[in-house]
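Student: I have a structure to read. Please show me how to go through it.

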Amino acid sequence: MAIEALLFDVDGTLSDTEREGHRPAFNQAFEQFGLDWHWDAELYGKLLAVTGGKERIRYYVEHFRPSYVRPANFDGLVNKLHTAKTRHYTTLLAQGLIPMRPGVKRLLQEARAAGLRLAVVTTTTPENVTSLLRHSLAEDAETWFEVIAAGDIVPAKKPAPDIYHWAMREMNLTPQQCLAFEDSRNGLISSLEAGIRTLVTVNGYTAQDNFDGALAVLSDLGEPDAPFKLVSGETYGKTFVDVSLLKRWCEH
Ligand code: XBP
Ligand code: MG
């Protein structure tokens with residue numbers, strides 16, 4: 001069946017946000033609350049096993065801070081930390097220093113011109129998405145996407161397929177009409193469980209993940225003057241991802 005909609009993950013897929021975006025924002029929040037917690041780049045790679053910022057903080061305390069004595073209202077503290085983290089992160093985004101990954105803007109513009117419907121499907125907080133789109137893609141980029149499925153809209157975050165199901169329901173689409181873009185194993189499990197064909201572009205934190213079941217695995221979407229590197233799959237002689245290549249993948 002012909003594709004009608006492209007569903008984009010955000011962190012690691014649209015933009016390399018984790019290492020120099022989310023991570024320092026968490027650290028700033030910990031500092032603000034007088035906690036001696038610090039997530040270096042290596043530890044953060046381990047913490048990425050868990051999606052969702054609040055979930056990640058809880059996971060850290062459980063697995064890396066066994067002697068930490070939780071206050072009575074620990075859930076309240078996690079929520080406050082996360083609210084502060086979101087503020088730090090969106091402040092960072094507003095500086096426009098976190099760019100889109102190669103080929104993202106080009107492909108989105110081409111897809112819009114071709115009449116494909118677009119959506120964002122992510123575990124991150126909604127305001128993070130709108131801020132990233134506005135400051136790193138285009139002032140009106142939020143309007144490019146029919147649906148922004150994000151954060152706590154569904155209780156079970158990726159790798160659960162719930163957020164993809166939610167987005168498809170909102171858009172009245174079947175999985176066969178969609179193509180998803182992901183960068184991580186958790187993201188790929190989520191989209192495949194929802195029955196959606198998925199293209200993977202890797203990044204430093206996810207390059208070693210198992211991506212069995214993906215349409216193809218690439219370094220990035222590529223540009224005409226900066227070809228992607230192929231990790232696995234068939235790319236029919238193309239050196240950058242465009243709408244015709246997406247259609248080709250979906251014919252097979
Ligand atoms: C990536 C995530 C998120 C962010 C943190 O989501 O796992 O948890 O690291 O975001 P995706 P919040 O790849 O699905 O976009 O702190 O806002 O939860
Ligand atoms: Mg991701």
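**Reading the metal site and the ligand**

Tutor: D9 counts as buried, because its relative accessibility is 5%. Buried means under 20% relative accessible area, exposed over 50%, partly exposed in between (1.4 Å probe, protein chains only). This is a predicted model: local features need pLDDT of at least 70, side-chain atom pairs count only at pLDDT 80 or more, while totals for chains, interfaces and linings use all residues. Residues are numbered from 1 along each chain as its sequence is written, chains are lettered from A and ligands numbered from 1 in the order in which they are written, and side-chain values use heavy atoms, with hydrogens and water left out.

Student: Which protein donors does the magnesium ion (ligand 2) have?

Tutor: Donors are N, O and S atoms within 2.8 Å of the metal (3.2 Å for Na, K and Ca); water is not among the atoms, so sites may look incomplete. Here they are D9 (OD), D11 (O) and D183 (OD), lying 2.2 Å from the ion. D9 and D183 are 174 residues apart and link distant parts of the chain.

Student: Is D183 buried or exposed?

Tutor: D183 is buried, at 5% relative accessibility.

Student: What does the side chain of T124 make a polar contact with?

Tutor: A polar contact is a pair of N or O atoms within 3.5 Å; within protein, one must be able to donate a hydrogen and the other to accept it, and residues adjacent in sequence count only if both atoms are side-chain atoms. The partner of T124 is the side chain of N128, at 3.1 Å. T124 is buried too, at 8% relative accessibility.

Methods: Helices (H or I, at least four residues) and strands (E, at least two) are DSSP runs, numbered from the N terminus.
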